[in-house]
Amino acid sequence: MHTDTVTSYFLSFSRNSSEEPSPKSNHFGLSIYRHFGDINQAGKRMELMFAKPEVETPSGLKASAVSTRAFKGSSFKAILPKLYTSPFETIFCPDTKQSMYCQILFGLIQRDEVVMIGSIFASTVVRSIKFLENNWKELCSNIKTGQISEWITDSGCRNAASLILKPNLELADLIEDVCSCKSWEGIIRKLWPKTKYIGTVCTGAMLQYTAELEFYCGGLPLVSGFYACSEGAIGINLEPLCKPSDVSYTFLPNMVYYEFLSIKEDCDTDSQNQVQLNAMSHHEDTGPVDLVNVKLGQCYEVLVTSSMGLYRYRVGDIIKVTGFNNNTPQFQFVGRQNVALGVDMERTSEADILKAVAEAKALLDPLGLILTEYTSYGDTSSTPGHYVIFWEIKPKEGNNNNNDGKELDPKVMEECCSKMEDSLHFTYRMYRKENMIAALEIRVVKQGTFESLLDYFVSKGASLSQYKAPICIKSKEALNILDSRVIAKFFSPRTPIQDN
Ligand code: AMP
């Protein structure tokens, strides 16, 4: 039984990557089966997949993104036409815009067969729905005429289209009807009515996309199936129906050799039951511990030793042990160790920023606005330095792409700045009070800005399949992209509350 890209992702780490996985060797597949039945028999998966071309290292070795390796596997290629809506050529199309257009087109054409929608990371699913929002008229016209748009010049994509695209007026009208409705709430269910779940990583940095995804998917379960990285497949989620914020992954001890560095300060759990890494956390002075010796409730940094040549490699992720499945440890993903904002001696983790944004963005809800993407930057160009948070906001209703920031209530936006500051850690608030850090600033950017940011990172070599919008911006060019699209700026008008 194949489950989804998750399986192929994992297969790329296993020794027999050309063999089909059996249900017995695949616990994630079994748990999906338990809740959703045999997806293979039910229909197809519309998974957005993007392969990156291989590069050659100076010593002549071939190097590629792990997802590309998975997509290239012979067993994956063999089952692709039967189980997935995306033809092989579209996944390997070097132009990501053409690739996304075609994958959505083929997903729409096969809408009656689609039983699962997904991508490796939630940001890609959200991005594809936004892409559809901007391109549905053209997609419908292609379906109506049976002719793919001229700007799709990739020969593989055009060949794939010639095999599957036939004039279908009825389908085009139906999709047009659905897409022209005022609100896109529940659009995924309306367009792909047989979908049983959305399969995509929703934890960690991807948690920020869940609100928007929930809005689009109209009650479909978000299944965050696995935790993996280029260094190795780390864990699977044995409770697929668990809320993204509560997901624990069960370790896969046979993938690579794992060890763990203890983190001294323990992690807290916030109001949304998310594990938060204390900003002052650091390693204990003890050596690494083996998987069998990890302790419940303890936070660790993951080390990997693998047959690929990594030795005690620091993946940079922090996890918290939350329980055991039989004797196998389970854990929540806490955050990246090295992603931190700091404009003085304070240290703010990715988890701190995530939590502060989660608190502040709730203030947008009564205004009918959604925070779709964000990132942050430590601005030290003046003294004292300050935190800048870039927000892309859109209205819940309608499809307003001409947002110019005028409808934003300055009072609410300033309160959002203050709320973020109130939610940050003790050191930040103390430094603010002592004027060692200046007022936090929210810069609202035009809709589509994060799309441009993605294009920039992809043009610099990032894999679209594995792209995650950075929670903190370090690159000057990326900052310029954001700054050139700012439509409004707001500052916190007060010092943060000191006593929480
Ligand atoms: P990459 O090496 O590009 O495949 O990215 C791997 C990184 O993505 C990991 O080290 C994590 O930081 C992040 N990641 C992967 N899976 C998850 C997950 N389930 N939850 C949160 N973060 C994840």
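**Group meeting: a protein chain and its ligand**

Helices here are DSSP runs of H or I with at least four residues, strands are runs of E with at least two, and both are numbered from the N terminus.

Some ground rules. This is a predicted model, where local features need pLDDT of at least 70, side-chain atom pairs count only at pLDDT 80 or more, and totals for chains, interfaces and linings use all residues. Residues are numbered from 1 along each chain as its sequence is written, and side-chain values use heavy atoms, with hydrogens and water left out.

Now, confidence. pLDDT is the predictor's confidence in each residue, from 0 to 100. The protein chain averages 87, and 88% of the residues score at least 70. Two stretches to flag. Over residues 269-276 the pLDDT is below 50, and this stretch has 27 contacts beyond near neighbours in sequence. A contact means heavy atoms within 4.5 Å. Residues 11-25 stay under 50 as well, with 28 contacts beyond four places in sequence. Where pLDDT is low, the predicted coordinates should not be read in detail.

The overall build. The protein chain has 17 helices and 22 strands. Of its 500 residues, 57% are buried. Buried means under 20% relative accessible area, exposed means over 50%, and partly exposed is in between, with a 1.4 Å probe and protein chains only. Take contacts with a separation of 6 or more: 70% of them join residues 24 or more positions apart.

Back to helix 16, residues 449-459. Which residues are buried there? Thr-449, Phe-450, Leu-453, Leu-454, Tyr-456 and Val-458. Their cover includes helix 7, helix 8, helix 17, and strands 19, 20 and 21.

Next, the ligand. It is surrounded by 17 residues, and the closest are Thr-203, Phe-226, Ser-230, Tyr-249 and Asp-317. To be near, a residue needs a heavy atom within 4 Å. By class, this shell has 10 nonpolar, four polar and three charged residues. Ala, Val, Leu, Ile, Met, Phe, Trp, Tyr, Cys and Pro count as nonpolar; Asp, Glu, Lys and Arg as charged; the others, Gly among them, as polar. Strand 7 gives the largest share, four residues. Strands 15 and 16 each supply at least two.

Look at the polar pairs. A polar contact is two N or O atoms within 3.5 Å; within protein, one must be able to donate a hydrogen and the other to accept it, and residues adjacent in sequence count only if both atoms are side-chain atoms. A ligand nitrogen is 2.8 Å from a polar backbone atom of Phe-226. A backbone N or O atom of Ala-228 lies 3.5 Å from a ligand nitrogen. A ligand oxygen is 2.6 Å from a side-chain N or O atom of Asp-317. How much of the ligand does the protein cover? It covers 89% of the 500 Å² of accessible area that the ligand has on its own. Such areas come from the Shrake-Rupley method with a 1.4 Å probe; for residues, only the protein chains shown count as cover.

Asp-422 sits in helix 14. Asp-422 is buried, at 7% relative accessible area. A polar atom of its side chain lies 2.9 Å from the backbone nitrogen of Ile-497.

Most residues other than glycine have a negative phi. Asn-326 has a positive one, near 55°. Asn-326 lies in the loop between strand 15 and strand 16, and is exposed at 71%. Asn-435 also has a positive phi, near 55°. Its loop runs between helix 15 and strand 21.
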